[in-house]
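Hi,

Here is the structure I promised to send over.

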Amino acid sequence: MATVGGFARVIKYLLFLFTFVFVVTGIILLSLGIALHTKEQAFAVLLPTFPFLNVGNLLIAVGIIVFLVSFLGCFGAMRESRLLLLLFIGFLLLIFILEMAIGGLGYRYRNEVTDFVTDDLKDGLMQYMNDTSYMEAWDQIQSELMCCGVVHPDDWYRNSTFKQNQVPDSCCKPENIHPMCGRDGSAVYNQGCKQVMIIALQSNLAGVAAGGIIIALFEVLGMVCACLVLVSIRRDKKV
């Protein structure tokens, strides 16, 4: 096996260091995603149309992809394997193109997301007493985000379980929480959950988007370094 030297050797070790750091980053993202998946499970239950809006799911997917591709590049740089480096470049390019496509589609249909969120929440509201997962999800969202219903507490009247001026106990304000507080006229949150959830999702996704831009820049750097190493390997084999 030919061994690159000089400036190419520096690039090789930079690529190795770069990919090794990304291997570790992939493991961290995967671990964080698993932790957040449990914490944000309520979002995933109430928004089945857009499971990728759950930050935990996104981090798990990104963590797995980053780990596998970076490991490929790390091993390829260490072994100076043209095949592995070519696969590494190919996967990075594919991921980069997919990131651009997903970002473009997200921007193109950004206004339609609100309609899908509204429909999902209304459907979930009707399942409150029929499915334990929906009940737990609604109770978690309403108590943590301090909201009630989809747009307004009156939305709960759509569910035949609740009569006029009756809502789940999770709608009750902290100072009024007690058994059946949602049915005895106690003070409840007046703000619907749709807008609060959209704001929370936008805030989370803004951080993910910023991280995606940084990862994309490193992907370009990784492809450039891998190409330089490949050129050096090919040149040294001709010598």
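This is a predicted model: local features need pLDDT of at least 70, side-chain atom pairs count only at pLDDT 80 or more; totals for chains, interfaces and linings use all residues.

Residues are numbered from 1 along each chain as its sequence is written, and side-chain values use heavy atoms, with hydrogens and water left out.

Start with serine 170, in the loop between α6 and α7 (helices are DSSP runs of H or I, at least four residues, numbered from the N terminus). Its side chain makes polar contacts with two others: aspartate 139 at 2.8 Å and glutamine 142 at 2.7 Å. Serine 170 counts as buried, because its relative accessibility is 11% (buried is under 20% relative accessible area, exposed over 50%, partly exposed in between, with a 1.4 Å probe and protein chains only).

Now the aromatics. There are 10 aromatic pairs in the structure (rings of Phe, Tyr and Trp, the last by its six-membered ring, pair if their centres lie within 6.5 Å; planes under 30 degrees apart are stacked, over 60 edge-to-face, the rest tilted). One of them is tyrosine 128 with tryptophan 156, edge-to-face at 5.0 Å centre to centre and 75° between the planes. That pair links distant parts of the chain, 28 residues apart. Tryptophan 156 is buried, at 0% relative accessible area. Tryptophan 138 and tryptophan 156 are edge-to-face too, since their ring centres are 5.2 Å apart and their planes at 70°. Tyr128, Trp138, Trp156 and Phe162 make up one aromatic cluster.

Both tryptophans, Trp138 and Trp156, also turn up among the residues with the most contacts inside the largest nonpolar core, which has 29 residues (a core is a set of buried Ala, Val, Leu, Ile, Met, Phe, Trp, Tyr and Cys residues joined through side-chain atoms within 4.5 Å). Helices α2, α5, α6 and α7 each supply at least two residues of this core, and α7 gives the largest share, 5 residues. Apart from it lies another core of 19 residues, including Phe18 and Val66.

Cheers

Note on methods. A polar contact is a pair of N or O atoms within 3.5 Å; within protein, one must be able to donate a hydrogen and the other to accept it, and residues adjacent in sequence count only if both atoms are side-chain atoms.
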